[in-house]
Amino acid sequence: MELELQPLNLPGIDATRRPLVIAGPCSAESEEQVLTTALQLAANGIRIMRAGIWKPRTKPGGFEGVGEAGLPWLRRVHEECGMLTATEVANATHVKACLDYGIDILWIGARTSANPFAMQEIADALQGHDVPVLVKNPVNPDLELWIGALQRLNNAGIQRLAAIHRGFSSYDKRIYRNPPMWHIPIELRRRIPSLPILCDPSHIGGRRELVAPLCQQAMDLGFDGLIVESHCQPDCAWSDAKQQVTPDILEFILEKLTIRNDLSTTESLEALRRQIDEVDNQLLELLATRMRISREIGEYKKEHNMTVVQTMRYTEILEKRGAQGALNGMTSSFIRDIFEHIHEESVAQQIEIMNK
Ligand code: PEP
Ligand code: MN
């Protein structure tokens with residue numbers, strides 16, 4: 001299904017000039033923190049301020065947001081700093097409160113876009129209102145669910161829509177807090193070319209050092225904008241302290257960005273190469289997982305006095321994988337070669353365990 005979209009049409013802002021930037025603290029904490037951060041951001045040229053009023057937290061007992069009490073603070077930001085304001089809504093009550101206080105832009109969080117019941121409730125509450133809504137990707141890497149969330153809003157008449165790519169939840173948190181899996185937002189762009197996509201480097205990286213490189217990567221991939229967490233005193237933030245940057249650091253990061261507006265061949269070549277890098281990373285992680293399992297098998301064989309190489313099993317693997325390769329458009333000899341190498345390394349690792 002096609003979405004019926006209109007340009008974001010944000011008053012006083014040319015939303016087509018890349019990057020469209022939204023910045024502000026993870027959470028609104030106090031009137032003073034909100035206003036101080038807003039003034040610093042505005043002085044650095046930021047025109048749209050984000051701040052979470054209701055915070056979805058993984059575990060109970062943490063800071064769950066100041067709630068409705070924070071909405072007048074955002075109203076002051078709008079009136080006194082001339083900025084547009086944005087906050088997260090997760091249910092119909094939030095939507096109603098934001099509309100009452102004239103919040104300019106709403107966003108849907110990653111835990112909410114993963115939940116069709118919540119999405120439908122929000123869409124129903126928005127029926128008849130014309131407000132821009134940004135939809136974060138669901139926590140799980142499911143493009144259909146992301147598009148489904150956008151469709152529910154669109155069916156309710158919301159046409160000023162954009163997507164936010166904030167990475168995907170993973171069990172193994174290594175480099176990223178939420179690995180980007182860039183091929184998913186790239187596929188979203190291919191499926192719905194007129195939908196603006198913003199990148200949220202703060203929640204992808206989870207660490208402030210990663211904000212700058214992720215912003216650059218998003219620009220290189222042709223994203224339309226950035227939503228970055230920025231706090232007047234990041235280390236004292238009540239949520240997501242490690243990933244927030246000061247408004248001055250943010251200005252520096254934005255200034256250093258190279259914006260390539262020529263979306264011609266080199267740009268798409270670059271995008272394809274990033275996809276290759278992403279797939280190679282996944283291949284390496286999968287190989288490492290396979291070796292871990294191999295070593296566990298090695299421990300088992302040692303305990304049960306079994307030999308390392310079980311010829312029948314090896315032949316079976318080579319034959320099966322060769323046939324699978326042929327079904328996937330590769331020569332079976334190529335796949336057999338690869339699996340011979342993988343097997344060789346597995347054997348070497350198991351022998352090491354036997355000799356321990
Ligand atoms: C946030 O933007 O502060 C937030 C809670 O993000 P996400 O929904 O992406 O986790
Ligand atoms: Mn946050």
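Predicted model: local features only at pLDDT ≥ 70, side-chain atom pairs only at ≥ 80, totals over all residues.
**Metal site**

Four residues coordinate the manganese ion (ligand 2): Cys26 through SG, His203 through NE2, Glu229 through OE and Asp240 through OD. The distances run from 2.1 to 2.4 Å. Along the chain, these donors follow the spacing C-x176-H-x25-E-x10-D. Cys26 sits in the loop between β1 (20-24) and α1 (31-43), and Asp240 in the loop between β8 (225-229) and α10 (247-256), so this pair ties together parts that are 214 residues apart in sequence. Cys26 has a relative accessible area of 2% and is buried, because the cut-off for buried is under 20%.

**Buried serine**

Ser294 belongs to helix α11 (residues 265-303). Its relative accessibility is 7%, which counts as buried. The side chains of Ser294 and Ser346 are joined by a polar contact of 2.9 Å. Leaving aside residues up to four places away in sequence, Ser294 touches Ser346 and Gln350.

**Surface patch**

Met330, Phe334 and Ile338 make up a nonpolar patch on the surface. Together they have about 240 Å² of accessible area. Met330 lies in the loop between α12 (311-327) and α13 (332-354).

| Residue | Relative accessible area | Class |
|---|---|---|
| Cys26 | 2% | buried |
| Ser294 | 7% | buried |

How values were computed: Residues numbered from 1 in each chain as written. Chains lettered and ligands numbered in written order. Heavy atoms only, no water. Patch = residues over 30% accessible without salt bridge, like charges linked within 9 Å, V, L, I, M, F, W, Y side chains within 5 Å. Areas by Shrake-Rupley, 256 points an atom, 1.4 Å probe, with all protein chains shown as cover. Salt bridge = Lys/Arg side-chain N within 4 Å of Asp/Glu carboxyl O. Helix = DSSP H or I, 4+ residues; strand = E, 2+ residues; numbered from the N terminus. Donors = N, O, S within 2.8 Å, 3.2 Å for Na, K, Ca; no water. Buried < 20%, exposed > 50% of the residue type's maximum accessible area, 1.4 Å probe, protein only. Polar contact = N/O pair within 3.5 Å; in protein donor to acceptor, adjacent residues only side chain to side chain. Contact = heavy atoms within 4.5 Å.
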